[in-house]
Amino acid sequence: MTERFTWTGQVSDIDAAVRSFGEAVDLTAAGEPKRAGYLSNLASALHHRFRASGNPDDLKAAVERAEESVRAAPADYPARPDVLSNLATIRFTRFERSGSDDDLDAVVAAAREAADSAPDDHPNRAAHRNALGTALRARFERKGNEEDLADAVTSFQRAADAAPGSHPYRGAVLANLGIALQVRFERRGDQRDLDRSIKAGREAESRFPSGHPHRATVLSNLGTALRARFVRTGALDDVTEAVRHLREAARLTPPGDHQRGLCWANLSAALYARFERTGTRADLDEAVDSAREGVAATASTSPNAASRLSALGIELRTRFERFGGPGDLSDLDEAIRFSRRAVDAASDDSPHRAGYLANLAAALGTRAERGGGLEDVQEAVATAQAAEAATGPEHPNRALRLHTLGNNLALRAERLGADADRQAAVAAWLAAAGLDTAAPSIRIRAARSASAALSGVDPVRAADAAEQAVLLLPSLTSLRLTAGDQQHSLGAFAGLAGEAASLVLAGPGSDEERGLRALRLLEAGRGVLLSHILNTRSDLTDLQAAHPVLAARYLELRDLVERASGGGPTGADTSGTPIRQIHSGLADLHELAVRTEEVLDAIRRESGFHSFALPPETSELLAETADGPLVVFNVSRTRGDALLLRPDGVRALRLPGLTSDRVTEQISTFHEALGREGSPEERLAAQRTLHGVLRWLWDTAAGPVLDALGLATRHTGESPGSWPRLWWIPGGLLGSLPLHVAGHHTDPADAPDRRTVLDRVVSSYTPTVRALRRARERTRTSGTAIPAEGTAALAVVMPTTPGLPGGAVLEAIPQEVAALRSVWPDLDVLGEDATDATDASGTAGTAGTAERERGTGTPSELPTRGTVLARLPHYQVTHFACHAGSDPADPSRSGLLLHDHETGRLTVAALRPVSLDRARLAYLSACHTAVSEAADLMDESIHLVSALQLAGFPQVIGTLWQVKDAPAATMAAAFYRQVTSGPSAWALHRAVHEVRAQYPSFPSLWAAHLHTGA
């Protein structure tokens, strides 16, 4: 066996070792087996001396002695694998300096023989497999042969298998495995490679503690993999963790350290990626500064110089695009210089050259857009074409390069008027959109660009491209992402579904054909988050009966994913517990998602379950019209339409005056009037303005719809069953206006054709048809009255709210509690001073009596988020009387202000993982509970009403704006007087009638409340 020794780093010691091993070789006769070991040790000593001194003669002699040692080692020599491995190590050093392909091939050959000849019980088996993997990965980086990369991954994995548990070599092997998997992901785009890379990198990091000389490299590799996964999925947690690791790695590399350039370059890339997600200027500035550090620490002859130059060019270009002042092209000009240097530094056969060309093309295109000359345009196109031509057909970055090419061709078409360039741009965008290996966001952007370019010249192809983009939207709500990450991904494509539907509705075909296609697009592209959750909450009854083990596993994983993703970007459940503590056997949300997808695949392979947790067919959606028509609105910049859904099909109704500009104008007018204060005359003027908007809403939208549906006369029936029902699906902007009370309310009350929705039909809302379908699945009795007997009811009340000015007193809460108790005498009241409030109403009973019988709490409990979430499963009816708070930046953080709202609201996100089996009705006597103020997420219906519906309430009463305390109590009292006589939608309809009769001139008091659900 080769003798083992440790170098001290002192040149005098290495000199002594060289002399000692040289003497041992001279004293050993040719043919003696141990001579091979002495020669190998001599070669190793010379190699170490070369590293210490840089004398090329030492490296030359080391290679010669190593080759001689292999020739001297017979095939059955036990240490032959070690001798071969030593030769591979030394020749690899020569390759790093010579760049010779012959050296690299020789390294691979020696390392492969060493690995293959080492028996399973060889003590250095892991090291030999690791050396082979390193050589193969280097040859892949050199020549781009994917077979080498695949073999490298296999070799590293076998090395890891040979170094189990606490094996001292395991950390190094896992670090290298992580790198190879990351490289393969970059080449093939397989998400599983990236997940495995991160898993290996995390374990490797744990084995290189603070102070270890290789810790910086391991941290840098792990951070890079996390950044890559963020770029692919949009998971903010990943890039935040990446920045943390990479900052530490950069701090650990002082000037002169050979890893300094790598670590600073990787930190720059992560900061840049986070900037793209958050838009924080400080991240971008730090990214540029870090990139400069990386470039400065990298020799111009280094094989890594090109990538670091190109990255700096990207970041400078971005800083110019986002923050550059008029006339200041310094960042952009510098970006182009660095991008050119990157292309020049890359060898012609480098697998990364195409990327450097694409980055240069993007920078040139930007300068051309900002006033550059025709030469910039021409070079941008030529460079983008060269980049695309040099990219493999399945490369995951091909879509991005095609998109850049399309952009530059479109720019040239604009400058020169060449139709061939416009057609070529569309072709490039469509090709990008069709690549399955690309990130969904890039594919959607490309398809949207193609649609926009085609809309004026080829509407049919424009509609096809827009449809392609819409159908990709659900891929942005991967199980791997938190709710916040999903929202961010979707927000970038606000209005896309409406654009696509408008193109379809303006195209050829019958009203029904166009209507059906538009319906499919709107159902796919609106409420995407809602549909994502509805998919995962499919009915498990049949599955549990046929395959109970699969059903139990799916339910377990689904709940874990919802708890991990619903808790927001911290990866915690609604109690704040990190997901790793919830289920220590599964490392993170990504792994949970993979396991869930595997179980779903297994379920769909079973007979009769091929469509499990998949969207319903159009015929299933139309079945939801059995109890009354559904009206789906679509509003775009150029047109407005309503899709009228009835059992016999879909009819598209054009609404010429309903454009996005007009709707936006009316919303602004309406909400400005709602907030207007001043003298009584000024307030009355504001109410007249509200009436004006309600008339416009009738004339433009609701009136034509009701006429088309044959609902053209005032209904005078008193019984609930005699009233026609209708469900509104406003979508986007129109959801901010009260369609259910649109009309000319100043028409004579007894006019047979009174032009108001309220006098013709009982209205309900639903975000999507699928959401209504799910609400009806929750209970088959949702269309009937809620009985007084056998119904458990809870009132959650906040007469005062800590932290708000003056406690924000709600003085009318006793009247609301009294109204509930008049229907359900055993009402449970959860709230501060709840007993006093109940006594003040003059009703009998003690709050919490029935609750104590159920053993779930006591009346002394405060209405905190935790206590309310614990109580909800025990009731069919829950009434909330409190304030609410909205978060326009993140609607999932909008919520009810309970006793502990300063530390944690009862938010949309907190309700996401809740699943209630007994629930029938939730009444939100709070403001702004049925509307989202996030402009880029209007289509998603992210608000408290939809959250409660997802949690299991098939019927929810909410509000579109703030209603004063006393009128809100009046509305609640009127509702509960009717709730046992007919469906909840009818009860609210009658209540709005009553309050309108009391305050006919004040729509602000009676128009806000709406019914959502079955």
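**View 1. Helix 2 and the glycine that follows.** Just after helix 2, Gly54 takes a positive phi of about 80°. This is a predicted model, in which local features need pLDDT of at least 70 and side-chain atom pairs count only at pLDDT 80 or more, while totals for chains, interfaces and linings use all residues. Residues are numbered from 1 along each chain as its sequence is written, and side-chain values use heavy atoms, with hydrogens and water left out. Helix 2 itself covers residues 33-53; helices here are DSSP runs of H or I with at least four residues, strands are runs of E with at least two, and both are numbered from the N terminus. From first C-alpha to last, the 21 residues of helix 2 reach 31 Å, close to the 30 Å expected at 1.5 Å a residue (that is, 1.5 Å times one less than the number of residues). Helix 2 is mostly covered, with 15 of its 21 residues buried (under 20% relative accessible area, using a 1.4 Å probe and protein chains only).

**View 2. Helix 9, residues 191-206.** Here 16 residues reach 23 Å, close to the expected 22 Å. Among the buried residues of helix 9 are Asp193, Leu194, Ile198 and Glu205.

**View 3. Helix 17 against helix 18.** Two packed helices are described by the angle between their axes and the distance between the axes. For helix 17 (residues 374-389) and helix 18 (residues 398-416), the axes come within 9 Å and cross at roughly 150°; axes are lines fitted to C-alpha atoms over the stretch in contact, with angles from 0 to 180 degrees between N-to-C directions. Helix 17 and helix 18 are therefore roughly antiparallel (over 145 degrees). The contact (heavy atoms within 4.5 Å) includes Leu374, Val377 and Glu388 of helix 17, and Arg398, Leu405 and Leu416 of helix 18. By class, this contact has 11 nonpolar, three polar and five charged residues.

**View 4. Helix 19 beside helix 21.** The axes of helix 19 (residues 419-433) and helix 21 (residues 459-472) come within 11 Å and cross at roughly 30°. Helix 19 and helix 21 are therefore roughly parallel to each other (under 35 degrees). Val426, Leu430 and Ala433 of helix 19 meet Arg461, Ala465, Gln468 and Leu472 of helix 21.

**View 5. The whole chain, for context.** The protein chain has 42 helices and 14 strands. Of its 1014 residues, 58% count as buried.

Notes
Angles under 35 degrees count as roughly parallel, over 145 as roughly antiparallel, 65 to 115 as roughly perpendicular and the rest as oblique. Buried means under 20% relative accessible area, exposed over 50%, partly exposed in between (1.4 Å probe, protein chains only). Ala, Val, Leu, Ile, Met, Phe, Trp, Tyr, Cys and Pro count as nonpolar, Asp, Glu, Lys and Arg as charged, and the others, Gly among them, as polar.
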